[in-house]
Amino acid sequence: MAGGGGGGSGASPLGPAPPMWYHRDLSRAAAEELLARAGRDGSFLVRDSESVNGAYALCVLFQKHVHTYRILPDDEGFLAVQTSQGVQPKRFKTLPELVSLYLQPSQGLVTTLLYPVEREETAVSDDRDYSDGEDEKPPLPPRSSSTSTPPGPDTPTDSTPAANGLSTISHEYLKGSYALDLEAVKQGASSLPHLNKTLVASCKRLNGEVDKVLSGLEILSKVFDQQSAFMVSKMIQQVQSVNQGGDQELENLVTKLAILKDLLSSIEKKALKALQDMSLTSPCSPPPLHSMRHSKSIPVQAFEVKLDVYLAELTKIGKSQKYTLSVDVEGGRLVVMKKVKDNQEDWITYTHDKIRQLIKSQRVQNKLGIVFEKEKDKSQRKDFIFASAKKREAFCQLLQLMKNKHSNQDEPDMISIFIGTWNMGSVPAPKNVASWVLCRGLGKTLDEMTVTIPHDLYVFGSQENSVCDREWVESLRALLKEQTELDYKPIAVQTLWNIKLAVLVKPEHENRISHVGMSSVKTGIANTLGNKGAVGVSFMFNGTSFGFVNCHLTSGNEKIARRNQNYLDILRLLSLGDKQLSSFDISLRFTHLFWLGDLNYRLDMDIQEILNYINRKEFDPLLKVDQLNLEREKNKVFLRFAEEEISFPPTYRYERGSRDTYVWQKQKATGMRTNVPSWCDRILWKSYPETHIVCNSYGCTDDVVTSDHSPVFATFEVGVTSQFVSKKGLPKSSEQAYIEFESIEAIVKTASRTKFFIEFYSTCLEEFKKSYENDSQSSDNVNFLRVGWSNKQLTTLKPLLSEIEYLQDQHLLLTVKSLDGYESYGECVLALKSMIGSTAQQFHTYLSHRGEETGNIRGSMRVRVPSERMGTRERLYEWISVDKDETSGPKGKSAVVCRSGHEYVKPSVIRKPLGELGKLSEEGERNSKEETAARPKQDGSDSDPSISKNSYNNPAYYILEGVPNQSAAAVSPELLPSPTSANPQAAKPPPPSAGARSKPPGAASGPPHPRRQVRAISEESSSEDDGGACVVGAQGGGVGSTLNRPPPDFPPPPLPKGALEMVPEAPFTKPRTLYPDLAEVRIPAAGPAAHGDAFRRGGVGVGAGALDDQSCSVLQMAKTLSDSEFPGQPPRAPSAPPHLRGQPMGLGLDACRTFPPRNPITESIAEDMPEEALWGSSSSSLSVGESSVGEWLQRLGLERYEQGLLHNGWDDLEFLSDITEEDLEEAGVHDPAHKRILLESLRQQQQQK
């Protein structure tokens, strides 16, 4: 521990008692904040060094700047302030001695130490979190081994009185008596009398229970082992006849337990031998079942669909037809069957290699385009309407599985992961928890066709789990074996008291797992007890790093700050991943980090209101007052993490034995305690930019009732990389790839004025590299510093391998460090994929340190790949794309197709012939006149070059928590953060858009919750029809494929060249310089809603409650102030894309640059598909728009059927001319009179045409 080094004579370096100016675990940023509050020259404090264990940092305020001096221990344990080379340091035994010297003037510091800044003592009561308040009893201490049998169906599931007695007595000991034992030990005692008394009292009931168990085992031994039965009976009688009292009682109990252990370990073997002897005379028994290495085969699944055709084609093929799509995963075939006349069937079989692409409609949730290969260089697209969006996802999942199963690749491109979290309430799990692993229950669940497909990884997090590790893991393996017929292999089990994390992997992947690491952090009582805390597991899956954290945070409605601190402690202290990355917290050490557990954040709302909303299944108002959501909006916790949308009821606090009733009141000694229903149990994740991750399910069970928490589940589709082996060997000098930087600029949140350098880390580098110190530095705000590095200060990096296929999967970690203390002031991660090309590309992303946003960094770089190393291949997850806008393209042209999965849409690499891939980056953002001329402005301020100079020079641009900011106070009140909304307009529901009607009821009403974000543009959204966002999707600048983007606080990507024609009212008219001089860079204000609203920090959109905290983001204040500085900013677009939850992974980040859009498939389709719609028809098939369907229904007074019709794909009046009575029934129109009205109206419209 830092601060634990000894002085020269073995004394504590802190002296007899820690002085008040010493802050043990204070971060650098928090130290600067305390000194800023002090505000007087000569204010000082000492904290632990963040860069060297056992060292300290002396922080001094002088002329509003913080100066930091490192205090290092030498080999003898003496302390000295680090000095320039050649200067003899002064050595001291303790910190107080050292500080006393510098309290005197002229000792070499920038100023004399005058005013100590003392640490803030926290109330003792705030630390005492013995139990959750969720149960009558605190958690049981962990059991090292199991001596109990699993409960049978008749076994009571609630805890026994013995368990309650043991817990209560232990509770009392921890509450007070342990302090008496501690004093006794300090005075030299060699025993713990109070603990002994506690144990004796705790074990009174245990003695009786052990006697009962021994009696039962005695009977079994007489049946199966008559020879030794007499000895066993004699031993039992001896221990039971001993007088029990005082210290001997414990010894006697230990003897009984030893006998019990021997009996339990031997009785099964003896019984087995006896039964085997008996079976020799009986008929042959079936052979033992051997472990199956392969899961049961997946049956052929059939999907009923309708062919999606358009009016232009109706005259050729008549009425729309129903098809059946049969997926044979094992055989690698897709059969497309349609009915023809006389009940005959016509079908075509496509093998897996003939299915070129799946194209999901973003606008119509249950529509899917399939591109088949017909002949050489010719393809055919057919669009189908599925019964529901869930059926479409199941079909895509099965086809992906089929592709993967029959792939000629040795290593997988993609794996599926199950993650579960459950607070078990100190009660063993019931016999059947299959619904947990099958993701059955409430919320976003998997389709029944895919629910039994085994996942590659299963991760089980549990809290208040009193089952021993071995028994718990074996029960999980048995559960998975029962459901999948596979023997899953445990690769890690980590436990802290009753917090457990178990990771199991498919047997076929066992050899792909390496570098397994485990760690735990205690956050209970004074951070020394493990009743609260976290456990973590990390490993490599081939070339992809994974981290998993399971935590149990402080309980209590009011203890938000404690929970936040728990999170930050875990983030800092959990020791996982590559040890070389110690400068980075665990949120940046892994390609994918998953954080799960009982986070214990509650709902801030009256209990009766909560219950009313739950009864009505209206969760949006509750999510707006969810403490975790609110704290994430303030950037207090889980910076840039993502969470899937919650569509299931609160998982806590249920009445045990039922899921019908929430128990929210409890009588405590201190009075009545209220535990409102809350989403305590959560699963979040954070992934590197431009990686593939899709959350396919997120929900809770509704049939596991032993605990007051419901188990929560989530499943993920995750792209993985293989351990790359170059086919051409190590690169020669002429074939070496290079990573070159032209310039870098960082804005750092600090009052220090030291020099900085950058360290570069990556698995593609042989070792980490350092830049030279920055050669430019400026500041117009005492709390922020702009530092810059020119090309000559930045080193060229040489990757280990030069193949593009290898490099496009690599990431670069950067940390900005100070020269005075070698401490990090901010870290970030960049994807190399977007930087590959012959010209330099821009990046722009945020900096964070210890979970806090500390600034931003931007620059220009390129990854040069020699032409000999350009070969690449398509990944499995790039095989599915998304049609982001099916109406904006002109007729006769193909819809732009960007690779995509279910979420995180971002354009992917276009597969070009060898030698052309090096030009990739030239097609994205490049500083060419041609592109800038066609690109609308991103910010009205950019039209005036002089205004750009104001970017970071405006003191009111930033705000520090607790520090007065005169400039910020001068901003008009309506532009400052408010508890309800950022501005009146933001709080109003957006006007109806075409996309709003395709959402489920409730989703389109009211302002979207600021954090209800997962996807850059989700498949429910289609507000692009009304604004310019759809054009971004077509270009590929902001909506991407399945690839993760860092969340944007930066300018949106450029629109394509034809954007100005397609946008009804171009929001900005003047071109902006793509990469202005670094000294004049400005983060623009929130632009039109089509871009800016989704660019909130951490994915927070501007809406109700979005700006309700003064401790706002480094970048957030800029958006507010830019609105007041530039009143000429054009109005927002009429509708914004729906706000997404967690990281907005796509829209608009210059960070890591946008990729060029994938070219549409160019094969001629017209001559191959006379009976089908052309791609051009597809791109404009919905030209009438959903609003026309709505207006038509409104005119007829039948608008209630709009949702049903749209849900079933009837979203075009021209398409509706083909609807039948059966189709209307399926869409929810059951009234015969209403059917007649609708059909007659459509017939009249046809006659008019």
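**Notes on the predicted model**

1. The side chains of Arg875 and Asp809 are joined by a salt bridge, with N and O 2.5 Å apart. Arg875 belongs to the loop between β36 (852-864) and β37 (880-883), while Asp809 belongs to the loop between α18 (804-807) and β33 (811-818), so the pair ties together parts that are 66 residues apart in sequence. Arg875 is buried, its relative accessible area being 4%. Asp809, by contrast, has 22% relative accessibility and counts as partly exposed, because buried is a term kept for values under 20%.

2. How many salt bridges does the structure hold? The total is 44. Another of these pairs is Glu643 with Arg632, whose closest N and O atoms are 3.9 Å apart. Here Glu643 sits in the loop between α17 (627-633) and β23 (665-668) and Arg632 in helix α17, 11 residues apart, and the pair links distant parts of the chain. Both Glu643 and Arg632 are buried.

3. A further salt bridge joins Arg616 to Glu618, with 3.2 Å between the closest N and O atoms. Arg616 has 47% relative accessibility and counts as partly exposed. Glu618 is likewise partly exposed, at 33%. Beyond such pairs, a network of salt bridges links Lys306, Lys322, Asp1223 and Glu1226.

4. Apart from neighbours within four places in sequence, Gln321 is in contact with Val305, Lys306, Leu307, Lys338 and Lys339. Gln321 is located in the loop between α9 (311-317) and β8 (322-328), and it is partly exposed, with a relative accessible area of 22%. From Gln321 to Asp308 the C-alpha to C-alpha distance is 8.7 Å, and the two residues are 13 apart in sequence.

5. Attention may now turn to a sheet. Seven strands form an open sheet with mixed pairing, in the order β15-β26-β27-β14-β16-β18-β17. Its edge strands are β15 (442-444) and β17 (489-496), each of which pairs on one side only. On average, and with direction ignored, neighbouring strands of this sheet are turned by 10° against each other.

6. Within that order, strand β26 (residues 693-700) and strand β27 (residues 712-719) run antiparallel and are joined by seven bridges. Tyr698 stands opposite Ala714 in β27. Which helix lies across β16 (457-463), β17 and β18 (499-505)? It is helix α12 (residues 469-484), which runs at about 40° to β18.

7. Some details of the backbone deserve a check. Most residues other than glycine have a negative phi, and most peptide bonds are trans. Trp497, which is not a glycine, has a positive phi of about 50°. Trp497 is placed in the loop between β17 and β18 and is partly exposed, with a relative accessible area of 24%. His515 also is not a glycine and has a positive phi, of about 55°. His515 lies in strand β19 (residues 513-524) and, at 65% relative accessibility, counts as exposed.

8. A cis peptide bond runs from Tyr652 to Arg653, with omega near 10°. Arg653 is part of the loop between α17 and β23. Glu643, discussed above, is in the loop between α17 and β23 as well.

9. The last point concerns the interior. In soluble globular proteins, nonpolar side chains tend to be buried together. The largest nonpolar core of this model has 50 residues, and those with the most contacts inside it are Ile417, Ile419, Phe539, Phe546, Phe548, Phe594 and Phe716. Helix α15 (residues 607-615) gives the most to this core, contributing five residues. Leaving aside neighbours within four places in sequence, Phe539 is in contact with several residues, including Leu457, Ile491, Val503, Phe546 and Phe548. His515 is also among the contacts of Phe539.

Notes
Residues numbered from 1 in each chain as written. Predicted model: local features only at pLDDT ≥ 70, side-chain atom pairs only at ≥ 80, totals over all residues. Heavy atoms only, no water. Salt bridge = Lys/Arg side-chain N within 4 Å of Asp/Glu carboxyl O. Buried < 20%, exposed > 50% of the residue type's maximum accessible area, 1.4 Å probe, protein only. Helix = DSSP H or I, 4+ residues; strand = E, 2+ residues; numbered from the N terminus. Pairing = 2+ DSSP bridges. Axes fitted to C-alpha atoms, helices over the stretch in contact; angles between N-to-C directions. Contact = heavy atoms within 4.5 Å. Core = buried A, V, L, I, M, F, W, Y, C linked by side-chain atoms within 4.5 Å.
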